[in-house]
Amino acid sequence: MDYRLRLAKRMLFNKKSSLIGAVLAVMIGILVIHVNFVIFQGLFDAIVRDISDYRNGDILVTDEADFIDKSDLSLASWFERIPYVEATTPRLSSTAEINMTKNGSLIEENRIPIVGVDPFRDVRASTVHQTIADGTYVFSRNSIVLGSNVAENLGNAQVGDSLKVLVVDRWGEDQIRRFTVSGIAKSPGGQGFDYTAVIHIDTLRDMMSRHGDTGSFMVKLNDPSKAFEVKEFFLAAFPNDDFVAETIEESAEEQLAGFRSGIAMINMIGYFGMMSSAFAIVTIQMMLVNGKTREIGIMRSIGAKRKDILIIFIFQGMIIGAIGAGVGTAAGLGYTFYAKETKMSFNNSLPLEVSYNWEKITQTALMAFILAIIASLYPSYRATRLLPVEVMRNA
């Protein structure tokens, strides 16, 4: 082992309080970045997960002309021949006016989003049915599922209540049907159909005079990483149609764009925090230099060169960086493991989608190590400027 490395270790470990302070500075900088990533990236990924599971799937197929006129069976059969496709389901959307009589009073709600689903396909391609807090999912043509917020606005509508739904058809005529509430939907974080009503797709088609038409097709994959490949294959197979196929990142871009900017800002704050830990290392290293002036003078007087003194203190920065990066990464991984195993939720509502991003973990540890070395350069330079005669006289 290089004698300068041995000297660096001895000088550093003799000042355990300074070593611990420097290591803690690096560790806290890394831990802040890990915590930010778990919370904010986890929240972002959770929103993407829920949009995919509830609304858009891994691929969302629509039509430039607003409605898809190909039959559900033909499109579903085409997609489900692809090995990566797990399930598909058609959706049709509109807005509705809902009214019901509760305790002798007429309660009306306008412009409620209403979604028509194929209950047999929908339970395979989406997880909306898993958000039913009370009752059951749509099971017949006259049943309706109300989002929890819609039910609350309708005077706390309950399973079994009867209500009327008004939808304007394609000819501008009012179409009114009576439904029985079969279930109330409530999703963690409100990303599901909490503000929506859900009915059978064939019933909504009848009310809208859109027989056989579909608003969108939700495609769920068993391997989401193949979404772009499946999308391109689908568009190439129907070149003469006006289909629009989008991956989850494309279909939810408007919802996610602002959130991405927020994550970038939070990450920047985390990296500024790491830079502040580098200033702490500079301060601690300067204290080490001031506390080791006698030893520096002795080394210089017995022939040590300025380069040797410089290397010794740079080695100290490397030791601080290595220990700090190791301890900080371990603490960050521990927090990530805890968040993943306890299914940590944001604001006690939306479960975070926690993952181990090894590229970012490695990048953060490496950056902390490099910053520790950079932070040791100025104290190392100061140590080389000490003259042996002056040091020995002032020691």
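A residue counts as buried when its relative accessible area is under 20%. In this predicted model, Lys231 has a relative accessibility of 8% and is therefore classed as buried. Lys231 belongs to helix α7, which covers residues 227-237. With neighbours within four places in sequence left aside, the contacts of Lys231 are Ile59, Ala245, Glu246, Thr247 and Glu250.

The domain assignment divides the protein into domain 1, made of residues 3-50 and 256-394, and domain 2, made of residues 65-241. The centres of domain 1 and domain 2, taken over C-alpha atoms, are 52 Å apart.

Packed helices can be described by the angle and the distance between their axes. For helix α2 (residues 16-56) and helix α11 (residues 306-341), the axes come within 7 Å and cross at roughly 35°. The crossing of α2 and α11 is right-handed. The contact of α2 with α11 comprises 18 nonpolar and six polar residues, with no charged residues.

Strand pairing was examined for β2, β6 and β7. Strand β2 (residues 85-102) runs antiparallel to strand β6 (residues 162-168), and three bridges join the two. Within this pairing, Asn99 has Lys164 in β6 as its bridge partner. Strand β6 is also joined to strand β7 (residues 174-185), by seven bridges and again in antiparallel orientation. Here Val167 lies opposite Gln175 of β7. The hairpin of β6 and β7 has five residues between its strands, and Gly172 in this hairpin adopts a positive phi near 85°.

Methods: Residues are numbered from 1 along each chain as its sequence is written. This is a predicted model: local features need pLDDT of at least 70, side-chain atom pairs count only at pLDDT 80 or more; totals for chains, interfaces and linings use all residues. Side-chain values use heavy atoms; hydrogens and water are left out. Domain bounds come from an automatic or database domain assignment. Axes are lines fitted to C-alpha atoms, for helices over the stretch in contact, and angles run from 0 to 180 degrees between N-to-C directions. Helices (H or I, at least four residues) and strands (E, at least two) are DSSP runs, numbered from the N terminus. A crossing is left-handed if the near helix is turned anticlockwise from the far one by less than a right angle, and right-handed if clockwise. Ala, Val, Leu, Ile, Met, Phe, Trp, Tyr, Cys and Pro count as nonpolar, Asp, Glu, Lys and Arg as charged, and the others, Gly among them, as polar. Buried means under 20% relative accessible area, exposed over 50%, partly exposed in between (1.4 Å probe, protein chains only). Contact means heavy atoms within 4.5 Å. Two strands pair if DSSP finds at least two bridges between them.
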